[in-house]
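Hi there,

Here is the structure I promised to pass on to you. Have a look at it first, and then read on for what turned up in it.

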Amino acid sequence: MKLYFVSLGCDKNLVDSEKMLAILAGHSIEITDDAAFAEIIIVNTCSFIRDAKEESIETILELASYKEQGVCRTLIVTGCLAQRYADEIEKEIPEVDAIVGTTAYDRIWEAVEESLSGKKVRLLSELDYLPAKLTKRIGSAAGYTAYLKIAEGCNKRCTYCIIPSLRGNYRSVPMEELLTEAEELAGKGVKELIVIAQETTVYGIDLYGEKKLPELLAKLCKIDGIEWIRLMYCYPEEITELLLDTMAAQPKICHYLDLPIQHCNDTVLKRMGRKTNKKDLMEKIQLIRDRMPDAALRTTLISGFPGETKEQHEECIEFVCDTRFDRLGVFPYSPEEGTPAAEYENQLEDERKRQWADEIMEASQRIIFEENEKLVGRTMRVIVEGFLPEEEVYVGRTYRDAPDVDGCVFFTAPYEIISGTMLTVLVTDANGYDLMGELWNEGEDK
């Protein structure tokens with residue numbers, strides 16, 4: 001039978017999708033990229049914010065048409081929307097044959113088998129359940145880059161966030177399983193491992209009684225074939241000197257940190273339920289740059305949180321200008337039902353939230369463009385991601401750029417290069433968020 005699979009939302013959801021694909025491949029299911037020829041259609045959904053929820057619903061409704069127009073025998077909805085709105089999906093979208101929650105994805109074959117027999121299926125495991133020993137994956141992204149999800153759930157209780165009620169409390173994946181998974185990925189040609197979780201920095205504290213991320217990273221660095229290791233979702237208050245020392249000492253670890261700080265004003269941070277303040281944030285950022293002067297720092301911010309004043313917003317812009325983040329994204333606040341912040345007074349209108357987000361991005365843009373100009377004339381290691389025939393240039397990323405969210409390097413080369421190759425590029429120009437360059441032969445004079 002043929003399967004059409006759609007994975008929506010974050011990179012953590014993508015890992016779940018790749019593990020489901022591997023489970024189904026073990027039952028002789030063939031993957032197709034045309035829903036019209038698929039007897040099985042699966043949508044792994046997101047419902048983190050309103051826009052993600054709407055995208056998930058629209059995708060389900062669009063694919064539901066293949067129950068009539070195509071050969072689809074079962075439509076299965078998995079992931080966060082399935083976990084959060086199982087009752088509503090059953091009632092409002094009768095075309096859906098099976099609903100599989102966030103912690104039940106290891107039962108995906110059960111959902112397929114039972115729904116094909118004509119049963120309506122609903123699989124919602126306990127939120128704190130962690131599927132064990134699922135190291136096999138079928139990559140749905142580029143074969144040379146893969147995400148390694150080291151934990152599930154979150155113990156933080158940020159007042160705007162629905163994740164704990166969708167994914168449960170923090171559960172670290174045992175280190176031996178992660179190392180096995182990473183070795184299998186390396187055996188398939190993966191060169192860049194991107195370490196992810198709802199929060200990577202507290203990895204191991206539930207299993208081993210202490211933070212074990214530095215130890216895990218050191219062991220991942222020993223795996224043959226892995227050349228880059230990148231860290232995402234690092235809460236600044238949990239970053240230790242030992243972690244920074246490990247990053248600085250291990251050449252395979254990219255000097256890149258993703259710090260989701262959300263805001264800088266102490267009052268706003270407290271109302272958000274964050275466990276840090278402006279002073280601590282500035283000190284931690286300085287510590288990171290002291291230990292790794294070439295560190296590329298990414299952050300995400302929320303604009304227009306309930307009760308946020310114009311003065312607090314302007315303080316955030318000033319903070320962005322002072323800290324000079326290398327990469328930055330802003331999300332207008334989205335009130336999510338079931339979260340404390342959704343019930344706060346003084347909810348701001350959407351137009352103001354969007355305007356404030358634009359103002360923060362404009363301030364950040366100027367800084368990023370200036371910093372990129374400073375890279376002109378430098379040689380940088382790049383992982384090749386493809387070729388643009390119309391422009392006759394290759395496209396790649398430096399250690400400063402995570403896939404899909406950061407910039408790129410466009411460069412020329414006198415011969416054909418395979419995607420996934422790691423090489424050196426001389427930066428010849430900066431164009432906004434992106435860099436321009438040419439292939440550099442090591443050993444030549446610059």
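**Two helices side by side**

Helices α11 and α13 are roughly parallel to each other, because their axes cross at roughly 30 degrees and angles under 35 degrees count as roughly parallel. Please keep in mind that this is a predicted model. To find the pair, look for α11 at residues 241-249 and α13 at residues 278-291; their axes come within 10 Å. The crossing of α11 and α13 is right-handed. Which residues meet there? From α11 come Glu241, Leu244, Asp245 and Ala248, and from α13 come Leu287, Ile288 and Arg291.

In soluble globular proteins, nonpolar side chains tend to be buried together. Here the largest nonpolar core has 57 residues, and Ile150, Leu220 and Leu257 have the most contacts inside it. Helix α8 (residues 175-187) gives the largest share of this core, with six residues. There is also a second, separate core of 30 residues, which includes Ile194, Tyr256, Tyr399 and Leu423.

Leu216 sits in helix α10 (residues 213-220). Is Leu216 buried or exposed? Leu216 has a relative accessible area of 0%, so it is buried. Beyond its neighbours within four places in sequence, Leu216 is in contact with Ile150, Met175, Leu178, Leu179 and Tyr203.

Arg230 is part of strand β11 (residues 228-231). With a relative accessible area of 0%, Arg230 is buried too. What does the side chain of Arg230 reach? The side chain reaches the backbone oxygen of Tyr399, at 2.6 Å. Leaving aside neighbours within four places in sequence, Arg230 is in contact with several residues, including Ile194, Tyr256 and Tyr399, which are also named in the second core. Among the other contacts of Arg230 are Glu192, Cys254, Arg397 and Asp401.

Enjoy exploring!

Definitions and conventions
Residues numbered from 1 in each chain as written. Predicted model: local features only at pLDDT ≥ 70, side-chain atom pairs only at ≥ 80, totals over all residues. Heavy atoms only, no water. Core = buried A, V, L, I, M, F, W, Y, C linked by side-chain atoms within 4.5 Å. Buried < 20%, exposed > 50% of the residue type's maximum accessible area, 1.4 Å probe, protein only. Helix = DSSP H or I, 4+ residues; strand = E, 2+ residues; numbered from the N terminus. Polar contact = N/O pair within 3.5 Å; in protein donor to acceptor, adjacent residues only side chain to side chain. Contact = heavy atoms within 4.5 Å. Axes fitted to C-alpha atoms, helices over the stretch in contact; angles between N-to-C directions. Parallel < 35°, antiparallel > 145°, perpendicular 65-115°, else oblique. Left-handed = near helix turned anticlockwise from the far one by under 90°.
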